Amino acid sequence: MHIIIATDIWGKTPHLDAMAASFEEIASKVAIVDPYDGGDPEFASKDAAYAHYKEQCGDAAYAERVSQAVAEATESVCLLGFSAGAGAVWSAVSGSSVGTVKAAVCFYSSSIHTMTDYLPKVPVEFVFAKEEPHYDVENVARTLQDIENVQSYITPFEHGFLNPASAQYDSEVYFFWLQWIKDQLAIHCPA
């Protein structure tokens, strides 16, 4: 199994490298796709990260990067996306060609509310934060839940709870959700 991780607006950070390394026990290959071509810009704030993301990449270009990584894959793929990366993953699995993708797991997508009419071609697990500033989480989760191949979960945690760069990071739940991700990937994309 090949895992492709699509990062949030913070990009490819040491934390994501460590997370990717933890997946090597269940995957033959783990790759990280980010909005900044592999650089770690080390933003001073969430606002700075968001401004840089919009200037350097944006949602459509990021979705294209994920789709390109999928097109280059030669073995079974599971996708994992966080925030902006979750939206990019959702776009990729709802596109005209999903290649060898078997499933996707998406955490606290920031843009999913604008894409509820997309139809994924593979199973997708959505994990939502308890609230989002731009949409009603419960309504969006319910809408997605009604789409074939989609499962939605609403957590009691804040957006960014798995990212140490986020003020909402929750170290107490990090390892629980890391194991949950591994379990989901193993179910959908057995080695």
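**Figure 1. Pairing of strands β1 and β2 in the predicted model.** In this predicted model, strand β1 (residues 2-6) and β2 run parallel and are joined by 5 bridges.

**Figure 2. The open sheet of 6 strands.** The strands follow the order β2-β1-β3-β4-β5-β6, and their pairing is parallel. At the edges lie β2 (29-33) and β6 (150-154), each of which pairs on one side only. On average, neighbouring strands of this sheet are turned by 15 degrees against each other, direction ignored.

**Figure 3. Helices α1 and α6 on the strands.** Helix α1, formed by residues 14-22, lies across β1, β2 and β3. The angle at which α1 runs to β2 is about 155 degrees. Helix α6, formed by residues 171-188, lies across β1, β3, β4, β5 and β6. Relative to β4, helix α6 runs at about 160 degrees.

**Figure 4. The disulfide between C78 and C189.** The count of disulfides comes to 1. The sulfur atoms of C78 and C189 are 1.8 Å apart and form this bond. Because the torsion about the S-S bond is about 95 degrees, the disulfide of C78 and C189 is right-handed. Distant parts of the chain are linked in this way: C78 belongs to strand β3 and C189 to the segment after α6, 111 residues apart. Both cysteines are buried, C78 with a relative accessible area of 0% and C189 at 1% relative accessibility.

**Figure 5. Cysteines C57 and C106.** C57 is in no disulfide, and the nearest cysteine sulfur, that of C106, is 16 Å away. With a relative accessible area of 14%, C57 is buried, since the cut-off for that class is under 20%. For C106, the closest cysteine sulfur is in C78, at 11 Å, which is too far for a bond, as a disulfide requires sulfur atoms within 2.5 Å. C106 also counts as buried, at 0% relative accessibility.

Figure 6. Residue S83 is found in the loop between β3 (77-82) and α4 (84-93). Its phi is near 55 degrees, a positive value in a residue other than glycine. S83 is buried, its relative accessible area being 7%. Residue Y108 has its place in the loop between β4 (101-107) and β5 (124-128). Phi of Y108 is near 30 degrees, likewise a positive value in a residue other than glycine. Y108 counts as buried at 2% relative accessibility.

Terms used. Residues numbered from 1 in each chain as written. Predicted model: local features only at pLDDT ≥ 70, side-chain atom pairs only at ≥ 80, totals over all residues. Heavy atoms only, no water. Helix = DSSP H or I, 4+ residues; strand = E, 2+ residues; numbered from the N terminus. Buried < 20%, exposed > 50% of the residue type's maximum accessible area, 1.4 Å probe, protein only. Pairing = 2+ DSSP bridges. Axes fitted to C-alpha atoms, helices over the stretch in contact; angles between N-to-C directions. Contact = heavy atoms within 4.5 Å.
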